[in-house]
Amino acid sequence: MKRTLFTILCLLLLAGCEDAPAKKAELATASTPSNDSQLDREIKGILEKGTSISERKRQVPVIEATFERITTPDRARQLAALCFIKTLGTPFLPFDLAEIALAESGGHNLSARAVSPKGALGVWQLMPHRARSHGYSPLDMKSDEKCAEAAVRELFSKLEMAQGNLERAKRFYCGQGREADFYMRKIRKVRREMQAELARQNARLAMSEAETLIR
């Protein structure tokens, strides 16, 4: 656990070095062989899509505060960090992974040992056969890190089924029929709350920057 937390901290510190979107053309100008790490390449891929690291990082404290309402501060911080790290280099934002966690296992205090009546496992509630399809064992779903990785892969597979429609992909992730409708209502409610908090956070930041300029 200590090693996992240390790794998360290191990755967040590395990611913090990037603070603004980069242009595709600028990245394409490098003609010499790259010695970038895997994390560096993931970050560049995100920047090419026009999503800044700072924008992603601003979602993390909102997720942490939301998680902290139903679990311990340390666990909330760890899970929020995973939402940031595991969505790097993907079409998803930290909020997307957080929404699913809250909808799927929020009623179980985001427990790594959460098991649904149908047998879905972990914080992100993967069915055993779906975990295996992504290269993980059912036991792996007790690991928050592995469960988050499997969840991202599962959501990506649903995104392909949904032909790029993320809302539909989340619905497919949650199941079918009334069950999916129920979870989607929870996801939309959580999203509205987190987006409202993020807007307040951005407004406070803008006001602080304006005051600094005035001075």
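Is cysteine 147 buried or exposed? In this predicted model, cysteine 147 counts as buried, at 1% relative accessibility. Cysteine 83 is likewise buried, with a relative accessible area of 0%. A search of the whole structure for disulfides finds zero.

Helix 5 runs over residues 73-85 and has 13 residues. From its first C-alpha to its last it reaches 18 Å, close to the 18 Å expected at 1.5 Å a residue. The helix is mostly covered, as ten of its 13 residues are buried.

Proline 91 counts as partly exposed because its relative accessible area, 46%, falls between the 20% and 50% limits. Along the chain, proline 91 and phenylalanine 156 are 65 residues apart, yet 8.2 Å separates their C-alpha atoms.

We can turn next to the charged side chains. Side chains of opposite charge can pair when their charged atoms come close. Across the whole structure, the search finds 18 salt bridges. One of them joins glutamate 167 and arginine 188, with 2.8 Å from N to O. This pair links distant parts of the chain, 21 residues apart: glutamate 167 belongs to helix 9 (residues 166-174), and arginine 188 to helix 10 (residues 177-214). Both partners are partly exposed, glutamate 167 at 26% relative accessibility and arginine 188 with a relative accessible area of 35%.

Helix 10 also holds a pair within its own length. Glutamate 197 and arginine 200 both lie in this helix, three residues apart, about one turn. An α-helix has 3.6 residues a turn, so residues three or four places apart point the same way. The closest N and O atoms of the salt bridge between glutamate 197 and arginine 200 are 2.8 Å apart. Glutamate 197 forms a salt bridge with arginine 204 as well, at 3.4 Å from N to O. Elsewhere, salt bridges that share partners join Asp96, Glu99, Glu167, Lys170, Arg188 and Arg191 into one network.

Rolling a probe the size of a water molecule over the atoms shows where empty space is left. The largest pocket holds about 530 Å³ of space. It is lined by 20 residues, of which Met127, Tyr173, Cys174, Gly175 and Glu179 are the closest to its centre. Helix 8 (144-161), helix 9 and helix 10 are the elements that give two or more residues to this lining. By residue class, the lining of the largest pocket divides into nine nonpolar, five polar and six charged residues.

Definitions and conventions. Residues numbered from 1 in each chain as written. Predicted model: local features only at pLDDT ≥ 70, side-chain atom pairs only at ≥ 80, totals over all residues. Heavy atoms only, no water. Salt bridge = Lys/Arg side-chain N within 4 Å of Asp/Glu carboxyl O. Helix = DSSP H or I, 4+ residues; strand = E, 2+ residues; numbered from the N terminus. Buried < 20%, exposed > 50% of the residue type's maximum accessible area, 1.4 Å probe, protein only. Expected span 1.5 Å × (residues − 1). 1 Å grid on protein atoms, 1.4 Å probe; cavity = no way out; pocket = protein on both sides within 12 Å on 5 of 7 lines; lining within 4 Å. Points joined across faces, edges and corners; volume = space filled by probe spheres on them. Nonpolar A, V, L, I, M, F, W, Y, C, P; charged D, E, K, R; others polar. Disulfide = S-S within 2.5 Å.
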